[in-house]
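User: Please take a close look at the aromatic pairs in this model. I would like one connected account.

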Amino acid sequence: RLLLLLLRVRSNEPPKDLQYNSFQHQRTNITKKTNIEQTATESAAVAESPIAQTKQAAPAPPTDLTKLNVEKGCSRGFGPWLAKQNVSVAITSYQSGRLYLVGAEPQGKVSFYERIFERAMGVVGNHQRIFLGGLYQLWRFENVLRKGELANKMYDRCYVPRNAQTIGDLDIHELGIRKNGKVVFVNTKYSCLAELDPVHSFRAIWKPPFISKLAPEDRCHLNGLAMKDGEPKYASAVCKSDSVDGWRDRRKDGGVIIDVETDEIVCEGLSMPHSPRWHNGKLWVLNAGTGYLGWVDFETKKFVPFTFCPGFLRGLAMHGDIAAIGLSKPRNKRFEGLELDDELAKRDADPWCGVQFVSLTTGDVIQWIRFEGDLNEVFDVSFLPGVRNPMLVGLRTSDVRELITFESAIKDVEASK
């Protein structure tokens, strides 16, 4: 059994390689099918609330997320490419409850570090911190390694769960980190942007001007968030409906992008827009119902297509000249009522599930990750700049109990003698 990192005090001692007992870490061979059978689920236990109990028949038990068959593949040279870019990638899939941290090992091999969180949704992070939205909690993970330290001689970041705030099932979607370090999230069920609150489930900070009240009705399917200069700036919605579940009949061309500061609609006529991002002076967005990545023309309030990707696009991260785009397969064999169906037929293409890395200069796909088997949908993608090969401590093992680090403001009496 590998030695576990225990009590460690910040000091001036030179960094050492740390040994970590990765009890539930499933390292898989690329392109080979893996039957993931972990001792215990990584997700938090499903909430059992007496408020939700009714006389209706109990629903069928959920799929055992720990026993899904997931096949992973990637383009040739992907590991060295990641290392050259000096980034790693976080990927979520709510359908399979997966969070993947994808990096490059020192030898150049691709590392898929997998954890299970029920309904893993929005993810955003950096070299120190990761936030993750789940079924009814918002998670915060902190890196405990100092500069130059490695875990198991290969992982340059070790993210540890430090907080899981219970917010209830808000159908949480995308997240953003404000310049003050706090997280803001899309509260889709209540059609608003929200922050965490020490007492309540959330604190609403903005709603679209066409939403008349905060109600648990998912009226417009508010789903995406673009941050600019460390503050929420743009939000995407499938339509401008102000009635319960009103967005489902307006998927084809009812989509809008809204300026959070002015309430102005800056783009309209979109088909299920997702993941707006401000990058290099442009507002990029995924026009998911058509399969196109593009940007917003503020003068005409129209979407300008840039490049097509074969799938339902959701989850967008940008780094330098690269866009990482999440692709999902249809839930019912077809993207009925959407232009995406016609685009795929015209190109004689099958829909993907995975992540494609696209050049923002040429629109070409330069690298890719592909999922097959029981994983059919990707929700979000986030670059972790400056991180080569990350790992994340799981929840249901002795590791999360025994991995203890601390800082001390107490003067060391022995050292002062």
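Analyst: Rings of Phe, Tyr and Trp (its six-membered ring) count as a pair if their centres lie within 6.5 Å; planes under 30 degrees apart are stacked, over 60 edge-to-face, and the rest tilted. The model is predicted: local features need pLDDT of at least 70, side-chain atom pairs count only at pLDDT 80 or more, and totals for chains, interfaces and linings use all residues. Residues are numbered from 1 along each chain as its sequence is written, and side-chain values use heavy atoms, with hydrogens and water left out.

The structure holds 19 aromatic pairs. In one of them, Phe-117 and Phe-141, the ring centres are 5.6 Å apart and the planes stand at 75°, so the pair is edge-to-face. Phe-117 lies in the loop between E6 and strand E7 (123-125), and Phe-141 in strand E9 (residues 137-143), so the pair ties together parts 24 residues apart in sequence. Strands here are DSSP runs (E, at least two residues), numbered from the N terminus. Phe-117 is buried, with a relative accessible area of 1%, and Phe-141 is buried at 0% (buried means under 20%, exposed over 50%, partly exposed in between; 1.4 Å probe, protein chains only).

Trp-284 and Trp-295 have ring centres 5.5 Å apart and planes at 75°, so this pair is edge-to-face. Trp-284 belongs to strand E21 (residues 282-287) and Trp-295 to strand E22 (residues 292-297), so the pair ties together parts eleven residues apart in sequence. Trp-284 is buried, with a relative accessible area of 5%, whereas Trp-295 is partly exposed at 21%.

Phe-78, Trp-81, Phe-357 and Phe-383 form one aromatic cluster.

Terms used:
Helices (H or I, at least four residues) and strands (E, at least two) are DSSP runs, numbered from the N terminus.
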